[in-house]
Amino acid sequence: MYPKPLTYKKAKTLDEAFSMLSQNDDARVIAGGQSIMPMLKLRIASPSLLVDIAPIRELHEIRLDGNNLTIGAMVTHREIIESSEIGKNLPMLQETARHIADVQIRNRGTIGGSICEADPSADYAPTLLALDAKVVLKSSREERTVDLDDFIVGPFEVNINQGEILTSVIIPVNRSPYSVVKYARRSADFAVASMAAIVEKKPDGTITDIRVAVGAQSDRPLRMKELESLLKGQKPQKKDLYLEVDKAVEHLDPIDDIHGSAEYRKEVTANILKTNLGSLIFGGI
Amino acid sequence: MVENRHISITVNGERKEADVEPRMLLVHFLREIAGSTGTHVGCDTTNCGACTVLLDGRAVKSCTILAVQADRRKITTIEGLSKEPGKMHPVQKSFVDNHGLQCGYCTSGMIISAYWLLKHKKNVSEQEIREAISGNLCRCTGYDNIIMSIKDAEKRMEEEGDTLEEEQAVTVRK
Ligand SMILES: Cc1cc2nc3c(=O)[nH]c(=O)nc-3n(C[C@H](O)[C@H](O)[C@H](O)COP(=O)(O)OP(=O)(O)OC[C@H]3O[C@@H](n4cnc5c(N)ncnc54)[C@H](O)[C@@H]3O)c2cc1C
Ligand code: FES
Ligand code: FES
(Lines give C-alpha, C1' and ligand atoms only; values in the text may rest on other atoms or scores of the structure.)
(Ligands and ions follow the chains in the order given, each with its own letter.)
Protein backbone atom coordinates (compact mmCIF):
# COMPACT_ATOMS: atom_id res chain seq x y z
CA MET A 1 0.00 0.00 0.00
CA TYR A 2 1.07 3.57 -0.57
CA PRO A 3 1.68 6.08 2.20
CA LYS A 4 -0.61 9.11 2.17
CA PRO A 5 0.71 11.92 -0.04
CA LEU A 6 3.71 13.54 1.61
CA THR A 7 6.56 15.90 0.94
CA TYR A 8 10.11 14.61 1.24
CA LYS A 9 13.24 16.62 1.96
CA LYS A 10 16.87 15.58 2.35
CA ALA A 11 18.83 17.49 5.00
CA LYS A 12 22.59 17.86 4.49
CA THR A 13 23.28 19.45 7.86
CA LEU A 14 21.64 19.46 11.27
CA ASP A 15 20.72 23.13 10.90
CA GLU A 16 19.03 22.39 7.60
CA ALA A 17 17.11 19.56 9.26
CA PHE A 18 15.98 21.79 12.16
CA SER A 19 14.68 24.43 9.79
CA MET A 20 12.83 21.81 7.70
CA LEU A 21 11.30 20.24 10.82
CA SER A 22 10.07 23.65 11.97
CA GLN A 23 8.10 24.16 8.74
CA ASN A 24 5.39 21.62 9.58
CA ASP A 25 3.92 20.71 12.97
CA ASP A 26 3.66 17.08 11.96
CA ALA A 27 7.03 16.75 10.18
CA ARG A 28 8.83 13.50 10.96
CA VAL A 29 12.41 12.36 10.69
CA ILE A 30 13.19 9.37 8.49
CA ALA A 31 16.46 7.55 9.24
CA GLY A 32 16.76 3.97 7.93
CA GLY A 33 13.01 3.85 7.36
CA GLN A 34 12.70 0.26 8.59
CA SER A 35 10.09 1.14 11.20
CA ILE A 36 8.51 4.28 9.84
CA MET A 37 7.99 3.02 6.27
CA PRO A 38 5.80 0.09 7.37
CA MET A 39 3.81 2.53 9.53
CA LEU A 40 3.40 5.02 6.68
CA LYS A 41 2.18 2.22 4.43
CA LEU A 42 -0.33 1.02 7.01
CA ARG A 43 -1.21 4.69 7.50
CA ILE A 44 -0.70 4.40 11.23
CA ALA A 45 1.51 7.46 10.69
CA SER A 46 0.81 10.07 8.02
CA PRO A 47 3.11 13.07 8.42
CA SER A 48 2.86 15.71 5.70
CA LEU A 49 6.64 16.08 5.59
CA LEU A 50 9.48 13.57 5.92
CA VAL A 51 12.95 14.94 6.65
CA ASP A 52 15.65 12.47 5.60
CA ILE A 53 18.64 12.82 7.94
CA ALA A 54 20.77 10.18 6.20
CA PRO A 55 23.02 12.71 4.40
CA ILE A 56 24.10 14.45 7.64
CA ARG A 57 27.75 13.52 8.00
CA GLU A 58 28.18 13.91 11.75
CA LEU A 59 25.36 11.45 12.46
CA HIS A 60 27.46 8.63 10.96
CA GLU A 61 30.44 8.96 13.30
CA ILE A 62 31.73 6.34 15.72
CA ARG A 63 34.16 8.05 18.10
CA LEU A 64 36.06 7.10 21.24
CA ASP A 65 36.27 10.01 23.74
CA GLY A 66 38.19 8.89 26.78
CA ASN A 67 36.07 6.25 28.45
CA ASN A 68 32.99 6.78 26.26
CA LEU A 69 32.11 5.54 22.83
CA THR A 70 29.89 7.96 20.95
CA ILE A 71 27.84 6.36 18.20
CA GLY A 72 26.05 8.59 15.70
CA ALA A 73 22.29 8.14 15.32
CA MET A 74 22.59 7.12 11.65
CA VAL A 75 25.03 4.25 12.29
CA THR A 76 23.31 1.13 10.92
CA HIS A 77 22.90 -2.22 12.67
CA ARG A 78 25.30 -3.66 10.10
CA GLU A 79 27.92 -0.99 10.75
CA ILE A 80 27.72 -1.77 14.46
CA ILE A 81 28.36 -5.44 13.70
CA GLU A 82 31.33 -4.57 11.49
CA SER A 83 32.96 -1.77 13.49
CA SER A 84 36.28 -2.82 15.02
CA GLU A 85 36.06 0.13 17.45
CA ILE A 86 32.78 -1.22 18.81
CA GLY A 87 34.12 -4.79 18.78
CA LYS A 88 37.02 -3.72 20.98
CA ASN A 89 35.15 -1.46 23.39
CA LEU A 90 31.55 -2.69 23.47
CA PRO A 91 31.46 -6.33 22.37
CA MET A 92 28.07 -6.65 24.05
CA LEU A 93 26.50 -4.08 21.73
CA GLN A 94 27.98 -5.79 18.71
CA GLU A 95 26.53 -9.13 19.70
CA THR A 96 23.15 -7.48 20.27
CA ALA A 97 23.10 -6.02 16.75
CA ARG A 98 23.73 -9.46 15.21
CA HIS A 99 20.34 -10.65 16.46
CA ILE A 100 18.30 -7.79 15.00
CA ALA A 101 15.86 -8.65 12.21
CA ASP A 102 17.51 -9.84 8.97
CA VAL A 103 20.32 -8.89 6.58
CA GLN A 104 18.26 -6.42 4.55
CA ILE A 105 16.87 -4.61 7.60
CA ARG A 106 20.29 -4.52 9.27
CA ASN A 107 21.69 -2.91 6.10
CA ARG A 108 19.30 0.08 6.52
CA GLY A 109 18.05 0.28 10.13
CA THR A 110 19.90 2.61 12.52
CA ILE A 111 20.62 2.70 16.23
CA GLY A 112 19.02 6.16 16.53
CA GLY A 113 15.88 4.98 14.75
CA SER A 114 15.59 1.90 16.92
CA ILE A 115 15.90 3.95 20.12
CA CYS A 116 13.33 6.55 18.96
CA GLU A 117 10.93 3.84 17.82
CA ALA A 118 10.97 2.39 21.39
CA ASP A 119 9.43 -0.94 20.46
CA PRO A 120 9.20 -2.78 23.82
CA SER A 121 10.54 -5.93 22.11
CA ALA A 122 13.47 -4.32 20.27
CA ASP A 123 16.98 -5.55 20.92
CA TYR A 124 19.26 -2.59 21.61
CA ALA A 125 17.40 -1.17 24.60
CA PRO A 126 18.08 -3.88 27.23
CA THR A 127 21.77 -3.85 26.29
CA LEU A 128 21.99 -0.06 26.31
CA LEU A 129 20.18 0.09 29.67
CA ALA A 130 22.64 -2.39 31.14
CA LEU A 131 25.49 -0.29 29.74
CA ASP A 132 24.07 2.93 31.28
CA ALA A 133 23.85 4.65 27.89
CA LYS A 134 22.84 8.27 27.42
CA VAL A 135 21.32 9.90 24.37
CA VAL A 136 22.13 13.34 22.97
CA LEU A 137 19.22 15.39 21.62
CA LYS A 138 19.61 18.58 19.64
CA SER A 139 17.21 21.19 18.37
CA SER A 140 17.70 24.67 16.94
CA ARG A 141 17.40 26.01 20.50
CA GLU A 142 19.18 23.60 22.80
CA GLU A 143 21.22 20.48 23.30
CA ARG A 144 20.52 18.03 26.11
CA THR A 145 21.91 14.71 27.26
CA VAL A 146 19.48 12.29 28.87
CA ASP A 147 19.84 8.85 30.47
CA LEU A 148 18.31 6.29 28.13
CA ASP A 149 16.26 5.03 31.07
CA ASP A 150 14.56 8.44 31.29
CA PHE A 151 14.30 8.87 27.53
CA ILE A 152 12.15 5.76 27.08
CA VAL A 153 8.61 6.52 28.23
CA GLY A 154 6.44 3.62 27.14
CA PRO A 155 5.54 1.56 24.12
CA PHE A 156 6.60 3.49 21.01
CA GLU A 157 6.95 6.61 23.10
CA VAL A 158 10.08 8.57 23.99
CA ASN A 159 10.79 11.84 25.72
CA ILE A 160 11.48 13.87 22.56
CA ASN A 161 10.11 17.26 21.51
CA GLN A 162 8.82 18.16 18.07
CA GLY A 163 11.81 19.52 16.14
CA GLU A 164 14.40 17.62 18.19
CA ILE A 165 16.79 15.10 16.67
CA LEU A 166 18.59 12.34 18.50
CA THR A 167 22.14 12.89 17.30
CA SER A 168 24.15 10.26 19.15
CA VAL A 169 24.31 7.64 21.87
CA ILE A 170 27.04 7.88 24.48
CA ILE A 171 28.07 4.57 25.98
CA PRO A 172 30.73 3.98 28.64
CA VAL A 173 33.28 1.48 27.35
CA ASN A 174 32.60 -1.94 28.84
CA ARG A 175 34.51 -5.18 28.42
CA SER A 176 33.09 -6.96 31.48
CA PRO A 177 31.68 -10.47 31.24
CA TYR A 178 28.20 -10.19 29.73
CA SER A 179 25.35 -12.21 28.39
CA VAL A 180 22.89 -11.16 25.68
CA VAL A 181 19.98 -13.47 25.00
CA LYS A 182 17.15 -13.05 22.52
CA TYR A 183 14.46 -15.68 22.36
CA ALA A 184 12.29 -15.64 19.24
CA ARG A 185 10.50 -18.40 17.35
CA ARG A 186 12.13 -17.44 14.05
CA SER A 187 15.52 -15.71 13.84
CA ALA A 188 14.21 -12.62 12.01
CA ASP A 189 11.35 -12.02 14.46
CA PHE A 190 11.15 -9.62 17.37
CA ALA A 191 11.96 -11.15 20.76
CA VAL A 192 9.39 -13.04 22.83
CA ALA A 193 11.79 -12.48 25.72
CA SER A 194 15.25 -10.98 25.93
CA MET A 195 17.91 -10.24 28.51
CA ALA A 196 21.13 -8.27 28.71
CA ALA A 197 23.35 -8.70 31.77
CA ILE A 198 26.78 -7.67 32.98
CA VAL A 199 28.37 -9.27 36.04
CA GLU A 200 31.72 -8.50 37.67
CA LYS A 201 32.85 -10.58 40.60
CA LYS A 202 35.82 -11.18 42.86
CA PRO A 203 37.81 -14.41 42.50
CA ASP A 204 35.89 -15.79 45.50
CA GLY A 205 32.59 -15.24 43.68
CA THR A 206 31.38 -12.12 45.48
CA ILE A 207 29.43 -9.99 43.00
CA THR A 208 30.90 -6.49 42.74
CA ASP A 209 28.81 -5.17 39.83
CA ILE A 210 25.62 -6.55 38.37
CA ARG A 211 23.34 -4.99 35.80
CA VAL A 212 20.39 -6.81 34.33
CA ALA A 213 17.78 -5.60 31.86
CA VAL A 214 14.94 -7.44 30.13
CA GLY A 215 12.98 -6.74 26.96
CA ALA A 216 9.50 -7.72 25.76
CA GLN A 217 8.31 -8.12 29.37
CA SER A 218 6.48 -4.87 29.99
CA ASP A 219 5.35 -1.77 28.13
CA ARG A 220 9.03 -0.81 27.99
CA PRO A 221 12.44 -2.48 28.46
CA LEU A 222 13.38 -2.61 32.14
CA ARG A 223 16.44 -2.60 34.35
CA MET A 224 15.81 -5.10 37.17
CA LYS A 225 17.15 -2.81 39.87
CA GLU A 226 15.69 -4.74 42.80
CA LEU A 227 17.17 -8.03 41.68
CA GLU A 228 20.50 -6.27 41.13
CA SER A 229 20.58 -4.79 44.62
CA LEU A 230 19.66 -8.12 46.21
CA LEU A 231 22.60 -9.81 44.49
CA LYS A 232 25.27 -7.10 44.60
CA GLY A 233 27.90 -7.67 47.29
CA GLN A 234 26.61 -11.22 47.78
CA LYS A 235 27.96 -14.66 47.03
CA PRO A 236 24.61 -16.24 46.18
CA GLN A 237 23.81 -19.92 45.94
CA LYS A 238 21.88 -21.19 42.92
CA LYS A 239 18.73 -21.64 45.00
CA ASP A 240 18.94 -17.99 46.16
CA LEU A 241 19.15 -16.76 42.58
CA TYR A 242 16.28 -19.00 41.46
CA LEU A 243 14.07 -17.79 44.30
CA GLU A 244 14.80 -14.12 43.62
CA VAL A 245 14.31 -14.57 39.86
CA ASP A 246 10.92 -16.20 40.42
CA LYS A 247 9.90 -13.30 42.66
CA ALA A 248 11.20 -10.65 40.24
CA VAL A 249 9.44 -12.21 37.27
CA GLU A 250 6.13 -12.08 39.14
CA HIS A 251 6.26 -8.27 38.87
CA LEU A 252 6.60 -8.28 35.09
CA ASP A 253 3.59 -7.49 32.96
CA PRO A 254 4.29 -8.62 29.40
CA ILE A 255 1.94 -8.29 26.47
CA ASP A 256 -0.29 -11.24 25.54
CA ASP A 257 -0.19 -11.62 21.75
CA ILE A 258 0.25 -14.04 18.87
CA HIS A 259 4.00 -14.23 19.48
CA GLY A 260 3.53 -15.45 23.04
CA SER A 261 1.11 -15.32 25.94
CA ALA A 262 2.03 -13.25 28.99
CA GLU A 263 2.52 -16.41 31.07
CA TYR A 264 4.76 -17.95 28.44
CA ARG A 265 6.89 -14.80 28.16
CA LYS A 266 7.40 -14.71 31.92
CA GLU A 267 8.33 -18.37 32.00
CA VAL A 268 10.89 -17.89 29.22
CA THR A 269 12.31 -14.83 31.00
CA ALA A 270 12.68 -16.75 34.27
CA ASN A 271 14.49 -19.53 32.43
CA ILE A 272 16.81 -17.11 30.63
CA LEU A 273 17.65 -15.36 33.90
CA LYS A 274 18.29 -18.62 35.74
CA THR A 275 20.39 -20.11 32.95
CA ASN A 276 22.25 -17.16 31.45
CA LEU A 277 22.51 -14.73 34.34
CA GLY A 278 23.20 -17.87 36.38
CA SER A 279 26.15 -18.87 34.25
CA LEU A 280 27.64 -15.36 34.59
CA ILE A 281 27.28 -15.59 38.36
CA PHE A 282 28.31 -19.19 38.89
CA GLY A 283 30.61 -19.76 35.92
CA GLY A 284 34.33 -19.99 36.59
CA ILE A 285 34.04 -20.24 40.36
CA MET B 1 -0.90 19.62 -3.30
CA VAL B 2 2.28 17.64 -3.09
CA GLU B 3 4.70 18.32 -5.91
CA ASN B 4 6.30 15.57 -7.94
CA ARG B 5 10.06 15.25 -7.78
CA HIS B 6 12.41 14.59 -10.63
CA ILE B 7 14.66 11.63 -9.82
CA SER B 8 17.27 9.62 -11.62
CA ILE B 9 18.16 6.08 -10.57
CA THR B 10 20.69 3.85 -12.30
CA VAL B 11 19.01 0.47 -12.68
CA ASN B 12 21.29 -2.33 -13.85
CA GLY B 13 23.65 0.21 -15.37
CA GLU B 14 20.98 2.24 -17.20
CA ARG B 15 19.85 5.64 -16.07
CA LYS B 16 16.10 5.84 -15.48
CA GLU B 17 14.58 9.26 -14.91
CA ALA B 18 11.05 10.27 -14.02
CA ASP B 19 8.89 12.75 -12.16
CA VAL B 20 7.44 10.81 -9.27
CA GLU B 21 5.27 11.35 -6.24
CA PRO B 22 7.51 11.42 -3.14
CA ARG B 23 5.45 8.60 -1.66
CA MET B 24 6.25 6.23 -4.53
CA LEU B 25 7.97 3.07 -3.29
CA LEU B 26 11.24 2.04 -4.88
CA VAL B 27 9.75 -1.32 -5.87
CA HIS B 28 7.06 0.44 -7.90
CA PHE B 29 9.65 2.65 -9.58
CA LEU B 30 11.57 -0.48 -10.53
CA ARG B 31 8.54 -2.36 -11.84
CA GLU B 32 6.52 0.41 -13.43
CA ILE B 33 9.09 2.95 -14.58
CA ALA B 34 12.28 0.94 -15.04
CA GLY B 35 10.35 -2.11 -16.31
CA SER B 36 12.25 -4.50 -14.02
CA THR B 37 9.26 -6.67 -13.23
CA GLY B 38 11.48 -9.46 -11.94
CA THR B 39 11.40 -7.64 -8.59
CA HIS B 40 8.23 -8.79 -6.83
CA VAL B 41 5.92 -7.40 -4.18
CA GLY B 42 4.98 -10.15 -1.75
CA CYS B 43 3.94 -9.03 1.71
CA ASP B 44 4.41 -5.26 1.30
CA THR B 45 5.19 -5.23 5.05
CA THR B 46 9.00 -5.70 5.10
CA ASN B 47 8.75 -9.36 6.03
CA CYS B 48 9.02 -11.56 2.94
CA GLY B 49 12.02 -10.25 0.98
CA ALA B 50 10.44 -10.87 -2.47
CA CYS B 51 11.29 -7.24 -3.28
CA THR B 52 15.00 -7.55 -2.37
CA VAL B 53 17.39 -5.61 -4.63
CA LEU B 54 20.92 -4.25 -4.24
CA LEU B 55 21.13 -0.53 -3.42
CA ASP B 56 24.71 0.60 -4.08
CA GLY B 57 25.68 -3.01 -3.53
CA ARG B 58 23.70 -3.68 -0.34
CA ALA B 59 20.73 -6.04 -0.13
CA VAL B 60 17.61 -4.04 0.83
CA LYS B 61 13.85 -4.48 0.72
CA SER B 62 12.65 -2.17 -2.05
CA CYS B 63 9.09 -2.04 -0.65
CA THR B 64 10.52 -0.27 2.40
CA ILE B 65 12.38 2.52 0.63
CA LEU B 66 10.92 5.52 -1.14
CA ALA B 67 12.03 5.96 -4.74
CA VAL B 68 13.15 9.51 -3.84
CA GLN B 69 15.53 8.04 -1.25
CA ALA B 70 17.29 6.15 -4.06
CA ASP B 71 17.72 9.26 -6.23
CA ARG B 72 21.18 9.29 -7.86
CA ARG B 73 22.00 5.83 -6.58
CA LYS B 74 22.61 2.48 -8.23
CA ILE B 75 20.21 -0.45 -8.11
CA THR B 76 20.83 -4.01 -9.22
CA THR B 77 17.80 -6.25 -9.74
CA ILE B 78 17.56 -9.90 -10.76
CA GLU B 79 17.68 -8.77 -14.42
CA GLY B 80 21.07 -7.16 -13.84
CA LEU B 81 22.98 -10.08 -12.29
CA SER B 82 24.09 -11.69 -15.52
CA LYS B 83 26.76 -9.85 -17.44
CA GLU B 84 25.80 -11.45 -20.76
CA PRO B 85 22.36 -11.04 -22.32
CA GLY B 86 20.49 -14.31 -22.63
CA LYS B 87 22.79 -16.10 -20.20
CA MET B 88 21.97 -16.75 -16.55
CA HIS B 89 24.24 -15.82 -13.66
CA PRO B 90 25.70 -18.90 -11.89
CA VAL B 91 23.37 -18.34 -8.89
CA GLN B 92 20.33 -18.33 -11.20
CA LYS B 93 21.61 -21.41 -13.04
CA SER B 94 22.15 -23.35 -9.83
CA PHE B 95 18.63 -22.56 -8.59
CA VAL B 96 17.29 -24.01 -11.85
CA ASP B 97 19.50 -27.07 -11.75
CA ASN B 98 18.90 -27.85 -8.06
CA HIS B 99 15.14 -27.32 -8.08
CA GLY B 100 15.62 -24.27 -5.85
CA LEU B 101 12.23 -22.90 -6.86
CA GLN B 102 8.69 -24.03 -7.41
CA CYS B 103 6.25 -21.16 -8.07
CA GLY B 104 9.17 -18.73 -8.40
CA TYR B 105 7.54 -15.86 -6.56
CA CYS B 106 10.23 -15.58 -3.87
CA THR B 107 13.05 -16.53 -6.22
CA SER B 108 14.30 -13.18 -7.47
CA GLY B 109 14.61 -11.86 -3.91
CA MET B 110 16.09 -15.14 -2.70
CA ILE B 111 18.71 -15.06 -5.47
CA ILE B 112 19.65 -11.44 -4.73
CA SER B 113 20.16 -12.35 -1.05
CA ALA B 114 22.20 -15.41 -2.03
CA TYR B 115 24.25 -13.35 -4.48
CA TRP B 116 24.92 -10.75 -1.78
CA LEU B 117 26.11 -13.45 0.62
CA LEU B 118 28.37 -15.11 -1.92
CA LYS B 119 29.87 -11.78 -2.94
CA HIS B 120 30.75 -11.09 0.71
CA LYS B 121 31.91 -14.37 2.19
CA LYS B 122 33.99 -17.32 1.14
CA ASN B 123 33.39 -20.94 2.18
CA VAL B 124 29.95 -20.22 3.57
CA SER B 125 28.53 -22.67 6.08
CA GLU B 126 24.94 -23.91 6.04
CA GLN B 127 24.32 -21.77 9.13
CA GLU B 128 25.55 -18.67 7.27
CA ILE B 129 23.32 -19.48 4.32
CA ARG B 130 20.27 -19.89 6.58
CA GLU B 131 21.08 -16.62 8.32
CA ALA B 132 21.57 -14.81 4.99
CA ILE B 133 18.12 -15.81 3.73
CA SER B 134 16.29 -15.34 7.02
CA GLY B 135 14.74 -12.17 5.56
CA ASN B 136 13.35 -14.09 2.58
CA LEU B 137 10.28 -16.27 2.90
CA CYS B 138 9.47 -19.16 0.58
CA ARG B 139 6.07 -20.82 0.81
CA CYS B 140 6.85 -23.66 -1.59
CA THR B 141 10.23 -25.32 -1.34
CA GLY B 142 10.74 -25.95 2.36
CA TYR B 143 14.14 -24.22 1.88
CA ASP B 144 16.25 -27.38 1.56
CA ASN B 145 16.69 -27.09 -2.19
CA ILE B 146 17.34 -23.38 -1.88
CA ILE B 147 20.19 -24.07 0.50
CA MET B 148 21.51 -26.75 -1.86
CA SER B 149 21.31 -24.27 -4.73
CA ILE B 150 23.30 -21.66 -2.83
CA LYS B 151 26.00 -24.15 -1.89
CA ASP B 152 26.23 -25.20 -5.52
CA ALA B 153 26.24 -21.55 -6.66
CA GLU B 154 29.32 -20.88 -4.55
CA LYS B 155 31.22 -23.61 -6.39
CA ARG B 156 30.09 -22.34 -9.77
CA MET B 157 31.02 -18.76 -9.00
CA GLU B 158 34.47 -19.88 -7.92
CA GLU B 159 34.91 -21.85 -11.14
CA GLU B 160 33.89 -18.82 -13.18
CA GLY B 161 36.23 -16.52 -11.24
CA ASP B 162 33.25 -14.51 -9.95
CA THR B 163 34.91 -13.06 -6.87
CA LEU B 164 34.17 -11.06 -3.75
CA GLU B 165 33.02 -7.54 -4.39
CA GLU B 166 33.62 -4.21 -2.72
CA GLU B 167 30.52 -2.18 -2.04
CA GLN B 168 30.54 1.47 -2.84
CA ALA B 169 30.74 3.69 0.21
CA VAL B 170 27.28 5.17 0.30
CA THR B 171 26.31 5.93 3.83
CA VAL B 172 27.06 9.61 3.45
CA ARG B 173 26.01 11.36 0.29
CA LYS B 174 25.63 15.02 -0.36
C1 LIG C 1 10.20 -7.19 9.71
C2 LIG C 1 10.95 -6.41 10.74
C3 LIG C 1 11.62 -7.08 11.75
C4 LIG C 1 12.33 -6.37 12.71
N5 LIG C 1 12.96 -7.09 13.69
C6 LIG C 1 13.60 -6.43 14.66
C7 LIG C 1 14.25 -7.14 15.70
O8 LIG C 1 14.28 -8.36 15.72
N9 LIG C 1 14.86 -6.42 16.68
C10 LIG C 1 14.88 -5.04 16.67
O11 LIG C 1 15.45 -4.45 17.58
N12 LIG C 1 14.31 -4.35 15.68
C13 LIG C 1 13.67 -5.01 14.68
N14 LIG C 1 13.07 -4.29 13.67
C15 LIG C 1 13.13 -2.80 13.70
C16 LIG C 1 14.40 -2.28 13.05
O17 LIG C 1 15.51 -2.53 13.88
C18 LIG C 1 14.37 -0.79 12.70
O19 LIG C 1 15.45 -0.58 11.87
C20 LIG C 1 14.56 0.21 13.79
O21 LIG C 1 13.61 -0.02 14.78
C22 LIG C 1 14.32 1.64 13.30
O23 LIG C 1 15.47 2.23 12.77
P24 LIG C 1 15.37 3.09 11.44
O25 LIG C 1 16.66 3.76 11.26
O26 LIG C 1 14.92 2.22 10.35
O27 LIG C 1 14.28 4.18 11.85
P28 LIG C 1 13.09 4.86 11.05
O29 LIG C 1 12.10 3.85 10.62
O30 LIG C 1 13.63 5.75 10.01
O31 LIG C 1 12.47 5.76 12.23
C32 LIG C 1 11.79 5.18 13.32
C33 LIG C 1 11.17 6.29 14.19
O34 LIG C 1 12.17 7.04 14.86
C35 LIG C 1 12.19 8.41 14.44
N36 LIG C 1 13.61 8.73 14.29
C37 LIG C 1 14.54 7.99 13.61
N38 LIG C 1 15.77 8.50 13.78
C39 LIG C 1 15.62 9.59 14.56
C40 LIG C 1 16.54 10.54 15.11
N41 LIG C 1 17.86 10.45 14.88
N42 LIG C 1 16.05 11.54 15.89
C43 LIG C 1 14.72 11.63 16.13
N44 LIG C 1 13.81 10.75 15.67
C45 LIG C 1 14.25 9.74 14.88
C46 LIG C 1 11.37 8.45 13.17
O47 LIG C 1 10.73 9.69 13.03
C48 LIG C 1 10.38 7.33 13.40
O49 LIG C 1 9.35 7.76 14.21
C50 LIG C 1 12.38 -4.96 12.68
C51 LIG C 1 11.72 -4.28 11.66
C52 LIG C 1 11.01 -4.98 10.69
C53 LIG C 1 10.31 -4.23 9.63
S1 FES D 1 7.30 -7.14 -0.43
FE2 FES D 1 9.00 -6.18 0.45
S3 FES D 1 9.46 -7.47 2.09
FE4 FES D 1 7.68 -8.41 1.27
S1 FES E 1 9.16 -20.93 -4.84
FE2 FES E 1 7.14 -20.36 -4.34
S3 FES E 1 7.45 -19.00 -2.71
FE4 FES E 1 9.40 -19.77 -3.02
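**Figure 1. Contacts across the sequence of chain B.** In chain B, 59% of the contacts between residues at least 6 apart in sequence join residues at least 24 apart; two residues are in contact if their C-beta atoms, placed from the backbone, lie within 7 Å. This is a predicted model, in which local features need pLDDT of at least 70, side-chain atom pairs count only at pLDDT 80 or more, and totals for chains, interfaces and linings use all residues. Residues are numbered from 1 along each chain as its sequence is written, while chains are lettered from A and ligands numbered from 1 in the order in which they are written.

**Figure 2. Chain B as a whole.** Helices (H or I, at least four residues) and strands (E, at least two) are DSSP runs, numbered from the N terminus. The C-alpha trace of chain B spans about 50 × 30 × 30 Å along its principal axes. Of the 174 residues in chain B, 45% are buried, meaning that 20 or more other C-beta atoms lie within 10 Å of the residue's own, with C-beta atoms placed from the backbone.

**Figure 3. The open sheet of chain B.** Five strands with mixed pairing line up in the order β2-β1-β5-β3-β4; two strands pair if DSSP finds at least two bridges between them. β2 (14–20) and β4 (58–61) of chain B stand at the edges with a single partner strand each, so one side of each has no neighbour in the sheet. From one strand to the next, the twist averages 40°. Strands β1 (residues 5–11) and β5 (residues 74–76) of chain B pair in the parallel sense over two bridges, and V11(B) has I75(B) as its bridge partner in β5(B).

**Figure 4. Two helices across the sheet of chain B.** Helix α1 (residues 26–33) of chain B lies across β1, β2, β3 (52–55) and β5 of chain B, at about 110° to β2(B). Helix α3 (residues 107–120) of chain B lies across β3 and β4 of chain B, at about 40° to β3(B). Axes are lines fitted to C-alpha atoms, for helices over the stretch in contact, and angles run from 0 to 180 degrees between N-to-C directions.

**Figure 5. Parallel strands in chain A.** Strand β1 (residues 7–10) of chain A runs parallel to strand β3 (residues 49–52) of chain A, joined by four bridges; Y8(A) has L50(A) as its bridge partner in β3(A). Strand β2 (residues 28–30) of chain A is also parallel to β3(A), with three bridges, and I30(A) stands opposite D52(A).

Definitions and conventions:
A residue is buried if 20 or more other C-beta atoms lie within 10 Å of its own, exposed if 12 or fewer, and partly exposed in between; C-beta atoms are placed from the backbone.
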